[in-house]
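The report that follows goes through selected local features of one protein model, shown here with its sequence. Readers may wish to keep the structure in view while reading.

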Amino acid sequence: MKKEQELQISQLRQKISEARNSFLGYPVSKDFDYSELNDFLEFPINNLGDPFNASTYRVQTHEMEREVVSFFAKLFRANPSDYWGYVTNGGSESNLYGLYLARELFPKGMVYYSESTHYSVRKNIHLLNIPSIAIRSQENGEIDYEDFENTVRMNRHMPVICLANFGTTMTEAKDDVSKIKSILKKLAIHDHYIHVDGALAGSFGSFIEPKIPFDFKDGADSLSISGHKFIGSPIPCGVIVSKKSNTDRISKGISYIGSLDTTITGSRNGHSPLFMWYAIQKLGIDGMRARYQHSLEVAEYCEKRILDLGIQAWRNPQAITVVFPKVSKEVKAKWQLATESDYSHVICMPNVTKQQIDEFITDLERYPTDPHSDSDWD
Ligand SMILES: *Cc1c(COP(=O)(O)O)cnc(C)c1O
């Protein structure tokens with residue numbers, strides 16, 4: 001390569017590496033090491049087709065992909081003989097699949113989601129052209145169950161497709177799936193589907209104590225997570241787990257690939273399933289639980305340190321996200337904090353340490369919030 005481009009590459013590397021080091025505002029783990037898998041970059045791996053169906057194209061990692069899906073199906077207490085899923089390009093695609101499946105099962109359904117729902121869900125609903133209603137959120141970001149109940153009652157002639165959040169983007173609020181389920185029961189809504197968006201918190205939901213209902217046993221029909229968030233991956237990815245009996249009802253065989261066209265995209269990257277597989281093998285359930293416990297401890301510490309400065313920080317129960325009023329431009333820029341309306345957050349991902357929190361606190365003291373600053377450029 002020419003000198004000029006070599007320089008460009010090394011500058012990019014430097015820039016990315018610096019940006020990675022002060023990063024507290026987005027739910028992305030950075031503490032992974034997949035170097036053992038480096039050689040796999042030599043292969044044009046493509047997981048096209050259904051991972052649970054043999055296909056003609058054999059440069060693939062379907063076996064690992066199936067193991068990843070099985071791992072999460074078990075973690076989410078899916079029926080061992082009735083689950084399906086695949087590794088997606090991210091939580092957004094996982095949610096799109098969940099909503100697509102719901103719409104195919106209930107073409108006359110109405111989608112309900114809280115106003116704290118991730119922005120990509122509205123786009124998904126638009127793409128699928130399903131009627132929908134946004135439900136009020138409580139102060140903490142959790143769905144307002146009363147508003148949900150009243151709204152469903154007014155539309156009770158239509159099947160209910162509920163998109164529940166298990167960890168909203170800004171406050172990591174968790175909608176209680178068994179409460180949602182009991183509301184549907186109370187209203188005698190027979191045709192219903194609950195998809196749970198667990199982008200960040202779905203991966204550690206099973207380790208939360210006391211338990212917050214969110215999984216298949218609690219009433220979910222499908223569940224999605226992002227792979228690059230809690231687990232961490234160099235390439236964004238996600239996982240969707242559904243019920244096989246539901247997926248079977250909508251799958252079509254395609255002779256060109258000798259497989260079933262069950263996935264949203266055709267060609268699918270086969271490296272991500274390999275990374276996910278590697279991570280869960282290395283961590284195991286105990287490693288994942290320890291990762292969550294570390295995050296929780298750092299979050300408790302972070303909340304306390306901010307409160308000690310006299311700033312009103314708070315967290316949802318057992319959350320690793322600390323919420324506080326929006327901070328100065330300097331702090332926001334340095335730590336890459338997301339801001340929405342009047343607040344910001346720090347997400348204590350597994351790689352975040354107490355030392356980093358201390359450094360962040362020093363900056364909070366050094367650059368106090370300017371109450372008149374505007375956030376138009378957010
Ligand atoms: C991040 C996020 C998504 C989208 O996931 P991607 O992996 O970025 O596509 C969806 N829902 C919630 C709650 C999220 O936090």
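## Salt bridges and burial

R136 counts as partly exposed, because its relative accessibility is 48%, where buried means under 20% relative accessible area, exposed over 50%, and partly exposed in between (1.4 Å probe, protein chains only). The model is a predicted one, in which local features need pLDDT of at least 70 and side-chain atom pairs count only at pLDDT 80 or more, while totals for chains, interfaces and linings use all residues. Residues are numbered from 1 along each chain as its sequence is written, and side-chain values use heavy atoms, with hydrogens and water left out.

R136 forms a salt bridge with D147, the closest N and O atoms being 3.9 Å apart; the term stands for a side-chain nitrogen of Lys or Arg within 4 Å of a carboxyl oxygen of Asp or Glu. This pair links distant parts of the chain, since D147 belongs to helix α5 (residues 145-154) and R136 to the loop between β3 and α5, eleven residues apart. Helices (H or I, at least four residues) and strands (E, at least two) are DSSP runs, numbered from the N terminus. D147 is buried, with a relative accessible area of 15%.

By this rule the count comes to 22 salt bridges, and the table lists three of these pairs.

| D147 | R136 | 3.9 Å |

K211 is partly exposed at a relative accessible area of 41%, whereas D215 is buried at 2% relative accessibility and D218 is buried with a relative accessible area of 16%. Through shared partners, salt bridges join R77, K211, D215 and D218 into one network.

## Helix α4

In helix α4 (residues 119-128), the buried residues are S120, V121, N124, I125 and L128. Seen down the axis of α4, these buried residues fall within an arc of 145°, so they line one face of the helix; the arc is that of the directions from the helix axis to the C-beta atoms. The face of α4 turned away from its buried side carries the exposed residues Y119, H126 and L127. The cover over the buried residues of α4 includes α3 (91-105), β2 (110-114), β3 (132-135), β4 (160-165) and β5 (192-197). Just after α4, N129 takes a positive phi of about 55°.

## Two buried polar residues

S29, which lies in the loop between α1 and α2, is buried, with a relative accessible area of 1%. The side chain of S29 makes a polar contact with the side chain of R291 at 3.5 Å, a polar contact being a pair of N or O atoms within 3.5 Å; within protein, one must be able to donate a hydrogen and the other to accept it, and residues adjacent in sequence count only if both atoms are side-chain atoms. The S29 side chain also reaches the backbone oxygen of K229 at 2.7 Å.

H62, in helix α2, is likewise buried, with a relative accessible area of 2%. Its side chain reaches the backbone oxygen of N47 at 3.0 Å. Leaving aside neighbours within four places in sequence, H62 is in contact (heavy atoms within 4.5 Å) with residues including N47, D50, S55 and R268.
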